[in-house]
Amino acid sequence: MDITTTPAWSALVRAPKPKPAHLRELFAADRDRAARYTLTIGDLRVDLSKNLVDEPVMRALIEVVAASTFEERRQAMFAGEAINSTERRAVLHTALRAPAGTRVDVDGHDVVSGVHQVLAAMAVFAERVRSGEWRGAGGATIRTVVNIGIGGSDLGPAMAYLATRAFGRGDLSCRFVSNVDGANIAENLEGLDPATTLFVISSKTFTTIETLTNAKAARAWLVDALGVDAVPAHFVAVSTNAEQVEAFGIDTANMFGFWDWVGGRYSVDSAIGLSLMIATGPDRFREFLDGFHLVDRHLCDTPLHANVPVVMAALGVWYSNVLGAETKAVLPYAHDLRRFPAYLQQLDMESNGKSVHLDGTPVATTTGAVVWGEPGTNGQHAFYQLLHQGTRLVPIDFIGFARPNHARVEQHDLLISNLFAQGEALAFGKTLAEVRADGVPEHQQAHRVFPGNRPSTTIMAPQLTPSVLGQLIALYEHIVFVQGCVWDVNSFDQWGVELGKALANRITPELAGVEPTMHDSSTAALIDWYRANRT
Ligand code: F6P
């Protein structure tokens with residue numbers, strides 16, 4: 001369904017921009033604006049007041065969501081219908097965090113009991129590693145877990161491991177290898193003792209060339225040091241593809257499964273989170289899942305105007321489709337969330353970077369935004385200049401916490417004061433009159449004006465715990481889902497990654513000696529140049 005043909009969409013695009021137009025005036029005109037536009041979801045306090053909206057705009061946005069297929073597709077998704085239509089698959093990451101005893105049927109079979117069986121097996125294994133009962137081939141305790149995977153089989157566990165570092169143990173650490181660039185595995189094997197290293201090979205399909213290449217390199221490294229008989233004690237797999245796991249040489253008794261209804265970028269809460277569970281323990285992992293589930297319930301049970309993922313998704317539609325923003329920045333004021341923007345890039349851009357509707361017809365609006373970000377305060381000394389005084393509209397999500405996961409409380413106050421200051425400066429700016437009143441010399445005055453009126457949302461939580469992390473991830477998962485419904489795209493396939501993969505498979509042997517086949521003149525010249533220079 002093309003949303004642009006609905007009366008709700010016509011009303012939205014015709015909607016007058018907020019009046020008064022500047023956030024300064026909007027705040028001055030409404031003393032309760034902060035309270036009016038602050039919503040909560042679990043432990044998250046979401047202050048939306050510094051967005052470029054007023055009540056008529058918000059109403060028009062919510063009408064657009066209501067006019068979309070969101071409510072129908074939400075029901076279908078949670079019920080296990082095959083809403084990933086191009087792959088004819090259910091989309092059930094929400095079942096991964098459903099409490100035991102819940103029932104969700106796919107093809108007449110309950111999937112939640114299977115989820116809990118795998119969780120139980122993961123917990124037994126994680127505890128065996130953590131307690132030292134699971135030993136390397138020579139009898140040594142495991143000290144390092146190396147997850148080898150890419151995309152959703154890397155970004156989720158790598159991001160979540162860093163985010164929950166404070167809940168881990170000093171004597172057991174994780175590393176993450178993803179890139180097919182040999183530098184990545186070389187760097188991560190550096191300083192490791194094969195006798196105390198466990199590899200978790202994570203791949204939904206177990207056919208991904210980067211992962212299999214790195215897994216083979218890891219196997220060779222281990223066999224070189226400990227011999228081939230050591231492999232079973234040092235390699236486990238996470239996959240949906242038992243046949244390929246076996247073909248690789250990993251005993252399927254040491255494989256943790258998941259299902260085709262879990263998309264790669266929605267899989268951190270499946271067995272793909274095994275390294276995270278080993279690092280934090282099964283109880284913390286359960287808290288992580290409960291955080292997701294809480295947000296799932298909110299998505300289902302909360303009226304649209306108070307439904308945080310719905311409202312945030314609607315704001316994204318406003319900025320992208322009506323105000324013309326091309327990008328969206330996510331700026332966590334938490335060093336431990338430094339991989340969160342990269343995680344969100346896959347979640348959002350692989351999901352909604354689409355240009356045809358579900359029925360294959362071209363979309364009439366822009367779809368998913370470019371997502372980017374860095375943790376504060378580093379970004380302040382790099383790209384914030386453009387955010388404050390540049391010509392582009394960049395809506396921002398700030399994320400911060402009341403209590404740090406470390407003891408340097410004064411540094412935390414400094415960090416959070418910066419977060420609050422940035423939102424305030426972006427929204428309210430500094431006028432020429434204020435610049436002049438500061439006694440700024442004339443030749444600098446125009447350069448030191450801050451236009452303000454630059455939108456941001458501020459998400460705060462008491463502390464970055466596993467549960468809060470689960471809540472944050474689920475919030476963004478559902479924002480992506482709601483936007484996919486509005487734009488009527490399939491948020492759960494990723495055909496756009498296929499062509500490059502196929503061409504790379506053709507080019508790889510050509511670099512090493514096989515005569516190049518037909519390519520365009522640029523690609524052919526690049527191949528020739530590389531062949532001439534590679535040794
Ligand atoms: O790049 C495409 C993709 O299929 C992602 O969606 C996925 O997360 C990643 O590759 C890794 O896939 P796999 O887990 O099957 O190795």
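Modeller: By class, the shell around the ligand holds two nonpolar, nine polar and two charged residues, where Ala, Val, Leu, Ile, Met, Phe, Trp, Tyr, Cys and Pro count as nonpolar, Asp, Glu, Lys and Arg as charged, and the others, Gly among them, as polar. This is a predicted model, in which local features need pLDDT of at least 70 and side-chain atom pairs count only at pLDDT 80 or more, while totals for chains, interfaces and linings use all residues. Residues are numbered from 1 along each chain as its sequence is written, and side-chain values use heavy atoms, with hydrogens and water left out.

Of the 13 residues around the ligand, those that come nearest are Ser153, Ser203, Lys204, Thr205 and Thr208; a residue counts as near if one of its heavy atoms lies within 4 Å of the molecule.

Turning to polar contacts, which are pairs of N or O atoms within 3.5 Å, a polar side-chain atom of Glu350 lies 2.8 Å from an oxygen atom of the ligand, and a polar side-chain atom of Gln346 lies 3.1 Å from an oxygen atom of the ligand. Gly152 takes part through its backbone, with an N or O atom 2.8 Å from an oxygen atom of the ligand. On its own the ligand has 390 Å² of accessible area, of which the protein covers 87%, as computed by the Shrake-Rupley method with a 1.4 Å probe.

Technical notes
Polar contact = N/O pair within 3.5 Å; in protein donor to acceptor, adjacent residues only side chain to side chain.
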